[in-house]
Amino acid sequence: MEARLLVGLIALVAAFGCLFAVAQLASALLRRRRAAMVAQGETFSAQGLIAWRLRNGFPSAFPAVRLLAKAKPVVDVLDEAVAFFGARGCPSSREAAGSVLLVGMAGLSMVLGLVTVSPITAIAAFACEAAVLFALAGNARDKRQESVREAVPEALESMAACLSSGFTLLQTFSQVAAETPGPLGETFSRSAHVLEVGGSAERALAELREGAHASELAFVAVALDVQHQTGGAMRQVLDAATDSVKGELALRRSLRVQTAQAKLSARVVVIMPFVLVAAFSLASPDFLAPFFSSMFGYALLALAIAMQVAGVVLVRRALAVEGVS
């Protein structure tokens, strides 16, 4: 009894010692961060700390982010994260934003794993976090592209009106940029800047075609480039393009409505297995233990994962409609 009591006291003292060491380390890091922010002329606050971290990231996680960034879906997620943070006044980079997301996801997964004393829970939680992150990034990208497409007809009508009034191409791009909000307006602004610094009309139209990320505007830019080189009235090209874009947008809206329920069902089917595994592991830490007790269990687990991946691929192909978000 005395030996157990002594061991318990030693363990308690060791635990308090570890907590004290962690607190001291955190305090030292906080003081260093405050000194660095003050030296850079920044305000030391919670928002300032978040902005500083998003700008600088976690350098120790940069190699892992670079490795993951070799996959295009990961690059898309990182670009969306950079755009999301930048829109909220916290400029960041792919590596910095990716390191913050990776460390945050890993930290939350580790906490859940320690609470449940189950590494399977931590792995399932990390998979759920990754799935949610990819879904959010995909939705944000689709919404941004859709907002650009929806603004194209109005921009084309404004271009036609400007050209009919005798505006030059520079004046037309500047006027459309001032009237069009969002990413599309920024694209017209960049094209106008090309002309302002002495660039050619071909280069300005190429900037418009490459920067819009909308097939409708890219088609119009190519048509205007050809019309500009061969001569002729651009108003007719813009009127025909406007009618074509409006019809295409109407068709896209119809297809999006018809596939919305199936896409939602597919997302639920993708995420639910990971959520259920995490929940069952939380309720019963030995829930997945039979899978790791024999080679047959490993084979069944691998088969289940392979079937899940195959199902996701098949559903995505079945619902894939070119140009429809």
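The legends below describe close-up views of a predicted model.

**View 1. Helices α6 and α11 packed against each other.** Helix α6, which covers residues 119–164, packs with helix α11, residues 234–283, at an angle of about 170°, and their axes are 11 Å apart. Because angles over 145 degrees count as roughly antiparallel, α6 is described as roughly antiparallel to α11. Sorted by class, the residues in the contact of α6 with α11 are 22 nonpolar, five polar and twelve charged.

**View 2. The largest nonpolar core.** This core has 30 residues, and those with the most contacts inside it are Leu156, Met159, Phe173, Leu184, Phe188 and Leu224. Two or more residues come from each of α6, α7 (169–179), α8 (182–196), α9 (201–211), α10 (215–230) and α11, and α6 gives the most, with seven residues. In soluble globular proteins, nonpolar side chains tend to be buried together.

**View 3. The surroundings of Leu156.** When its neighbours within four places in sequence are left aside, Leu156 is in contact with Leu217, Val220, Leu238, Ala241, Thr242 and Val245.

**View 4. An aromatic pair formed by Phe84 and Phe85.** The structure holds two aromatic pairs, and one of them joins Phe84 and Phe85 in an edge-to-face arrangement, with 5.7 Å centre to centre and 70° between the planes. Phe84 is partly exposed, with a relative accessible area of 41%, whereas Phe85, at 15% relative accessibility, counts as buried.

How values were computed: Residues numbered from 1 in each chain as written. Predicted model: local features only at pLDDT ≥ 70, side-chain atom pairs only at ≥ 80, totals over all residues. Heavy atoms only, no water. Phe/Tyr/Trp six-rings, centres within 6.5 Å; stacked < 30°, edge-to-face > 60°. Buried < 20%, exposed > 50% of the residue type's maximum accessible area, 1.4 Å probe, protein only. Axes fitted to C-alpha atoms, helices over the stretch in contact; angles between N-to-C directions. Helix = DSSP H or I, 4+ residues; strand = E, 2+ residues; numbered from the N terminus. Parallel < 35°, antiparallel > 145°, perpendicular 65-115°, else oblique. Nonpolar A, V, L, I, M, F, W, Y, C, P; charged D, E, K, R; others polar. Core = buried A, V, L, I, M, F, W, Y, C linked by side-chain atoms within 4.5 Å. Contact = heavy atoms within 4.5 Å.
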